[in-house]
Amino acid sequence: MESPVFRLCSSISYSKTFLHPISTINSPKLYSIQRRKKLFYSARSDSIPVCSEGGVFLSIGTHLIPHPNKVEKGGEDAFFISSCKGGIIAVADGVSGWAERDVNPALFSRELMAHASNLVEDEEVQYDPRTLIKKAHAATSSVGSATAIVAMLERTGPLKIANVGDCGLRVVRKGQIVFSTSPQEHYFDCPYQLSSEAVGQTYLDATVTTVELLEGDTVVMGSDGLFDNVFDSEIISIVGSYNNIADAAKALANLAYDHSQDSSFDSPYSQEARTRGFDVPWWKKILGMKLTGGKLDDITVIVGQLGSTCSKGVGKLYKKTLMLKLVNGNYAKMLSMCTFRTVVVSCI
C-alpha cells in the first residue's frame, strides 16, 4: 500500500487508532513523475503445479514488483503458495504508514504469511481460510498491520476465500469475470487490516465466500497494487492472450507497474478517488482537467489455472531457486527452498 502518482487537493490524516490509511494526500497540484527504468525484485515467473494425488489442482504463476523506492528492501508485500489438498494461495500487503513510526511495514506481512504457510495442515484449521487467518494473526508478534487474502481449493472444485482489506481475487471463465472480491475499508484509502494493535480487525471481520470452479478457470489474486492500476477488462485480455500462466502473471504485474507510473492514465484508483469527492480544483475543471494517474505501490500477482488431473509426483517434492536482484544489478541473495508440502515464496 503506497502513495499514488498524483496528489489530491485535500488531506487525509493518520488515524489515532493506528489504522493507517495508505497515503497522506496533501498537495493541491496534480503530481507527475519521470518514468523510471523497470527494476524488478521478484520471484522468477515460473509455472508451478500445486496439486494433490487426486481431484483438481492449480498451476500457479507468480510475479512481484516492489515499489520503485523500496526495491532494495524487496517491498512490503508477501505471499505464499501451498500444495496442501487442491492448493492454497495467499497474499498480505504491509501497511506503509507504519514507517512513520520507525517500523518496517514488511515485517508484519512477511511473518503473517510465514505463519500461515506453516499452519495449513494444522488440525484446528480444517482447511478453513478464515481459521487460517485467525491462527496466523495470533502467532504474529511483529509490530504493524497488513491486509490479507487467503484462497483454498478443495479437491472437488470449490474455492474457499477469506479476505480482510483490499487485496483481491478474480475468477476468469471463457473471457468473462464470473467472480470478484470487494475491498473492505473504513474510508477511502484506509482498508480493513489485521494489526498488532487491539483496535485493528480480526478474522471475524473477514469476508468469506465460496466459488465453484470449473476446469480451465483462471484465478487472479493480487495486492491492491494490481487492482488499483489494472481494469478487469485488461485482466481478461491478458489472461486470454497467454497460454503460459507465468507469462500472464508477469504481464499483469508489468502492466500495473506501467500504469502506476503514468500520471495521465485514468486508473481504477483515480476514478474511485473522484467518486469519493477528490478531484482537481474547480478552476482546473473549467479548463477540462480532472484527477488522473496511477498509484505507486508494491505489486503482487498470482495467476492460477484449474486442471482436473495431476501428473504423478508433481507437487509432492520440488526444489525452486529464486534470485533476488538489487538495483545495481547484482544478485544479493539466492534462496534454495525444498519442501514436501508447502513452498513459501516471498522477498526477504
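Author: At the start of α1, a side-chain oxygen of Asn 104 comes to within 3.0 Å of the backbone nitrogen of Ala 106. Helices here are DSSP runs of H or I with at least four residues, strands are runs of E with at least two, and both are numbered from the N terminus. Bear in mind that this is a predicted model, where local features need pLDDT of at least 70, side-chain atom pairs count only at pLDDT 80 or more, and totals for chains, interfaces and linings use all residues. Residues are numbered from 1 along each chain as its sequence is written, and side-chain values use heavy atoms, with hydrogens and water left out.

Reader: How many of the residues of helix α1 are buried?

Author: Ten of the 14 in residues 105–118, so α1 is largely enclosed by the rest of the structure. Among them are Phe 108, Leu 112 and Met 113, along with Arg 110 and Glu 111. Buried means under 20% relative accessible area, exposed means over 50%, and partly exposed is in between (1.4 Å probe, protein chains only).

Reader: Which residues touch the most other members of the largest nonpolar core?

Author: Phe 80, Ile 88, Leu 112, Met 113 and Leu 132, out of 25 residues in that core. The elements that each supply at least two residues of this core are β3 (77–82), β4 (88–94), α1, α2 (129–139), β5 (145–153) and β6 (158–164). Another core, of 23 residues, lies apart from it and includes Val 56 and Leu 213. A nonpolar core is a set of buried Ala, Val, Leu, Ile, Met, Phe, Trp, Tyr and Cys residues joined through side-chain atoms within 4.5 Å.

Reader: Switching topic: is Asp 266 buried or exposed?

Author: Asp 266 is buried, with a relative accessible area of 18%. That residue is in the loop between α5 (245–260) and α6 (268–275).

Reader: What does the side chain of Asp 266 make a polar contact with?

Author: The side chain of Arg 274, at 2.8 Å, and there is also a polar contact of 2.9 Å with the side chain of Ser 270. A polar contact is a pair of N or O atoms within 3.5 Å; within protein, one must be able to donate a hydrogen and the other to accept it, and residues adjacent in sequence count only if both atoms are side-chain atoms.

Reader: And what lines the largest pocket?

Author: The pocket holds about 440 Å³ of space. Of its 22 lining residues, Pro 183, Phe 227, Asp 228, Pro 268 and Glu 272 are the closest to its centre. The largest share of the lining, three residues, comes from α6. A pocket is an open set of points on a 1 Å grid over the protein atoms alone, where a 1.4 Å probe fits, with protein on both sides within 12 Å along at least five of seven lines; lining residues have an atom within 4 Å of a point. Points are joined across faces, edges and corners, and the volume is the space filled by probe spheres set on them.

Reader: Where is Lys 174 found?

Author: In the loop between β7 and β8. Lys 174 is exposed at 84% relative accessible area, and its phi is near 50°, a positive value in a residue other than glycine. Gly 175 is in that loop too, and is partly exposed at 46%.
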